[in-house]
Amino acid sequence: MSSVMKIENLQAKIGDKQILKGLNLELEPGKVHAIMGPNGAGKSTLSKALVGHYDVELTGGDIIYKGKNINEMEPEERALEGIFLSFQHPVEIPGVNNAYFLRTALNAKRKHEGKEELNAAEFLRLMRDHLEMLGMKSDMISRSLNEGFSGGEKKRNEILQMLILEPEVIILDEIDSGLDIDALRAVSEGINKMKDGKRSFLVITHYSRILDYIEPDYIHVLKDGRIIKTAGPELVAQLEEHGYDAIEEE
Amino acid sequence: MNLLELKNKNLQEVNALLGIKDRDILVERFCALGLPSKKSEEYRYFDVKKLLEPEYKTLNYVPKTPKTSDKVEIVDGVVIALPKGMRVYNDACQMIDMDHFDPLYYLGHLLSPQTIKIELDGDVEVEIEHRFTKSDALINYRIVLYNQANRHATVYENFISDDIENTLVLYGYDMHLAQDSTLRVVKMQSMQDAGYGMVASHKVNVAKNANAILKSFDLGGDQALQLLKVELAERAHVDAGHLLYLNEDSKRGTVSQIVHVGEHSTSKQEAKNILDGKSRGIFDALIRVEHSAKYTKAEQNSKAILLHEDAYMAAKPQLEIYIDELEASHGATTGQLDRKQLFYLQSRGISYTEARKMLVIAFANTLIEQVKDTRQQERIKASFEEAFYKGNM
Ligand SMILES: Nc1ncnc2c1ncn2[C@@H]1O[C@H](COP(=O)(O)OP(=O)(O)OP(=O)(O)O)[C@@H](O)[C@H]1O
Ligand SMILES: [Mg+2]
C-alpha cells in the first residue's frame, strides 16, 4: 500500500507542553480517515503540525508527504503542494476582500503548477458556481474574509476554499461543529464532490452525524497525543455507546 | 539664508534679518514661540535641526499670468496654471491666527507677505499640484482658501518634485469655511526619494454648521511634518484622517490641535501608521474643548503597525477639557501584524510577502476608502502599493 502522507512517531510541543507523543498515521490515497478523540487529546495540534503552524514545535518524528520529509517546509509551500487545512476556528481578516483573497490563493497555486492565472471575471464565475452549490449568499464575494460571518458561514467558506483550491490532502478540523442540518448537508456534499479516488481526507470530528454523510473508510482514535486504535466505520457506534475510556490501546 | 540665525533673536533683530517692517505683531509671536528646536514640544520627535541648519537659496516669487489647465499648478511657490474661471489673487492674508502653537506658522507668514488666495466658487472639485524644481532652496508660500457659505468643495492636493536635493519647503494653508459649507481636502504625498523636507503649517477655521474633511495620505520618504490647527464654531464638524507609510529612516507625521470653541461642535480624528525600517511616525494630537463648547463630541484614535523592530511610533493623543458636558474618547495602539491572520493567508498558498502586503493594505484601506472619488481612490491605492512594494523588494 502506498500512502500519500505518512506520519511517523511524531512528537510535538506547544509552548512547554508535550502534546503529540509519538503519533503514527498513514493516509491512503482516495480514502477518508476520521479522527475522533477526547477534548485536549491533540487533534487540532496534529492538524496544525501538518500545515506548519507556528504554535507547534516538532520535537521528533517525520511527516512524509509524497515521499518527502516536510517537517521544515514553509506553510505556503505545503499549501502549494496540495495540503489544505480547514481550521477549527477560522480567523477574521477585516479589510481583505473574500473574493480577492481566494483569487490570490488560487492564482498562486496555478502559477506554482505552471498554469495560466485566472482574471477577475473568470474567477468570479467559478466562485459563483461554488457559492450556489454551498448555499452561500452572493455577498460573500464582496465581504471581508470571515469578518462578521456566522459560525456556519465560516465553515462553509472553508469548504468553498477547499473546492476552489482542489487540494490533495484535505484536513478538516471539526468542520461539522456548530452547523445546522442544511449547512451540514451542504458541507458534506462539498466534501463528497472532492472525492475522486486519489484525494485523501483527514476528518476530525466529535460526532457521527457527519460521518453518515461522508462515509469514512477508517476511524482512528487519538488520545493523549497518540493514535491508540484504528478500525473500520463500525467503531463509531461503539465509541458513542461506551466512550473513549473503554478503548484499549492496540 | 540660514534659518538658524533666527534663533533667540528679538523683534528688531528678526526684522533686520528678514528685511521686514510693519508686521511687529507677527514677529512678536514668532519670537515668543522661538525657532523650533529639539526642545520644542511640537518638534520633539522630529529632526528639525537637520532642516533648519543648511544654507538655503531664497527665491523670488514673481507672480505670473497663469495659463489654463485642468488643475491649479504651483511651481516653487508661484501659480503658473489655473482651471478656467477660477480666481486666484496674490494678496496679504487678512486673517492670521494670533494664537497658533507653531512658530513656523508665523515664520511662514513673515516670509510670504503675499499669499496665494483662492476662492472656491460654488460646488467645485479642484486639484492643486505642488511642484518643486529647485535644489538647495528654501521654498516658502502660503495659500488662503475660502469656501463660501452653503457650498461644498473638494480639493485634491498632489506633490511632484523634479529630482531636487536638499530643499526645505515651508508652506501652509489658512482655510476659511463659511457657514454651512463643506470643504473636503485630500492630500497625497508619495515621493519616496524626495530630496526635500517639508513643514506644512495650517490653520483651518470652521464656521457655524460647516464641515471640514481633511484626509492626508503620506507615503513619502525623508522628513515632513504637518502642523494642523482647527478651530470649530457652533455645530461645526471636522473629520481628520491621516495615513502614514514610512520606511528607511524617514521621520514624518502630524502635530495637531483641534479646538472646540462653539457648542455642539464635533470632531473625529483617526491616524493609521505603518512603519518599516528605522522610520519614526509622529502623531501628536491635542483636542481642546473650551468653556464655551458645551455638548461637544470629540473622538480621536491612532493605530500603528510596526513592520520592523527598529521602527518607532510617537503617538500622543491628548485631551484638554474645561467643561463637563461633552462626550470624548481617545486612544492609541501600537502593534505588529496579526500572526494568526498572516498564517491563515500563508496556509492557502499565499507567500509571506504577499500576505504581509494584503494585511497592510487592509489596514490602510479603511482610510483610503473614505475618499469617495473612485479615480482618486484608485490613485492613492496604487501609490500606496507602489510605495509598499518598493520598501519590500
Ligand atoms: N496555543 C496554545 N497554548 C497553550 N496550550 C495549547 C495551545 N494550543 C493547544 N494547547 C493545549 O494543547 C492540548 C491539545 O490541544 P488541541 O487543540 O490539539 O486539542 P483537541 O484534541 O483539538 O481538542 P478539542 O476536541 O477540544 O478541539 C490542550 O491541552 C490545549 O490546552
Ligand atoms: Mg481541536
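Buried means under 20% relative accessible area, exposed over 50%, and partly exposed in between (1.4 Å probe, protein chains only). Helices (H or I, at least four residues) and strands (E, at least two) are DSSP runs numbered from the N terminus. Welcome to a predicted model, where local features need pLDDT of at least 70 and side-chain atom pairs count only at pLDDT 80 or more, while totals for chains, interfaces and linings use all residues. Residues are numbered from 1 along each chain as its sequence is written, chains are lettered from A and ligands numbered from 1 in the order written, and side-chain values use heavy atoms, leaving out hydrogens and water.

**View 1. Helix 1 of chain B and its buried face.** Within this helix (residues 11-18), B:Leu11, B:Val14, B:Asn15 and B:Leu18 are buried. Seen down the helix axis, they fall within an arc of 100° (taken from the directions from the axis to the C-beta atoms), so they line one face. Helix 2 (24-33) and helix 4 (103-111) of chain B are among what covers them. On the face turned away sit the exposed B:Gln12 and B:Ala16.

**View 2. The ends of helix 1 of chain B.** B:Asn10 caps the N-terminal end, with a side-chain oxygen 3.2 Å from the backbone nitrogen of B:Gln12. After the helix comes B:Gly19, with a positive phi near 65°.

**View 3. The magnesium ion (ligand 2).** Its protein donors (N, O and S atoms within 2.8 Å of the metal, or 3.2 Å for Na, K and Ca; water is not among the atoms, so sites may look incomplete) are A:Ser44 (OG) and A:Gln88 (OE1), 2.0 to 2.2 Å away. A:Ser44 belongs to helix 1 (residues 43-51) of chain A, and A:Gln88 to the loop between strand 6 (83-86) and strand 7 (93-97), 44 residues apart.

Technical notes:
Contact means heavy atoms within 4.5 Å. A polar contact is a pair of N or O atoms within 3.5 Å; within protein, one must be able to donate a hydrogen and the other to accept it, and residues adjacent in sequence count only if both atoms are side-chain atoms.
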